Amino acid sequence: MSLDPGPEPECSYARVNIEVLKMLIILGGLPGVGKTSIARLAARELGAIHLRIDTIEQAIIDCDVLPSDDMGPVGYVVANRIASDNLRLGHLVIGDAVNPVEISRAAGREAAKMAKKPFVQIELICSDRDQHRHRVETRKGDIENLVLPDWQKVCEREYHPWPDADLVIDTALQSLEESSDILIKFVRDRIVSV
């Protein structure tokens, strides 16, 4: 009688090189589309570091370093440096920001390249204008002193198309939990394919 239990069952993720798990998820989309909610759900499931631009920028403002209307790229620069540090430490990182223009998106890609790690670019949209407006007008802030933009500011915000996004998730088509599941599956599939 053999005590050998035989080979371990195969799991597609078990064969993944652990080095590949060091990836930057560059998340973007207008305020109110569900970025932070989805990023939090995904970070919990994937064991990722969640870097939220709103938190970083509000901390800078609270220190009276810069007036809030003149933030420029400071928050993004700080977040990208922290992302590179955490990628080098072996963490999966989710960068949660509007990323409204190509220059901010390129800076995220550069942060991953500096750490010699892969990245994915995921844009979140809400194609239902009424639903988007309702989200913006009813959401509650969770960062001390942060004034959330109203619907007019969201509509007036500069935001350029993101033609090279690896994935676009329309949060009007399913719940935030289901949208997070789409993101998680995409990232896991990407990890397996790298």
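In these legends Ala, Val, Leu, Ile, Met, Phe, Trp, Tyr, Cys and Pro count as nonpolar, Asp, Glu, Lys and Arg count as charged, and the others, with Gly among them, count as polar. The model shown is a predicted one.

View 1. A search of the whole structure finds 1 cavity of 30 Å³ or more, and the volume of the largest cavity is about 120 Å³. Its lining is formed by 14 residues, and those that lie nearest the centre of the cavity are A79, N80, G95, A97 and N99. Sorted by class, the lining residues of the largest cavity comprise 8 nonpolar, 5 polar and 1 charged.

**View 2. The elements around the cavity.** Two or more residues of the lining of the largest cavity come from each of strand 1 (24-28), helix 3, strand 3 (93-96) and helix 4. Helix 3 gives the most to this lining, with 4 residues.

**View 3. The packing of helix 3 and helix 4.** Helix 3, which spans residues 74-88, packs with helix 4, which spans residues 102-114, at an angle of about 25 degrees, and their axes are 8 Å apart. Because angles under 35 degrees count as roughly parallel, helix 3 and helix 4 are described as roughly parallel to each other. Their crossing is right-handed.

**View 4. The residues in contact between helix 3 and helix 4.** On the side of helix 3 the contact is made by Y76, N80, S84, L87 and R88, while helix 4 brings S104, A107, G108, A111, A112 and M114. Taken by class, this contact of helix 3 with helix 4 has 6 nonpolar, 4 polar and 1 charged residues.

Notes. Residues numbered from 1 in each chain as written. Predicted model: local features only at pLDDT ≥ 70, side-chain atom pairs only at ≥ 80, totals over all residues. Heavy atoms only, no water. Axes fitted to C-alpha atoms, helices over the stretch in contact; angles between N-to-C directions. Parallel < 35°, antiparallel > 145°, perpendicular 65-115°, else oblique. Left-handed = near helix turned anticlockwise from the far one by under 90°. Contact = heavy atoms within 4.5 Å. 1 Å grid on protein atoms, 1.4 Å probe; cavity = no way out; pocket = protein on both sides within 12 Å on 5 of 7 lines; lining within 4 Å. Points joined across faces, edges and corners; volume = space filled by probe spheres on them.
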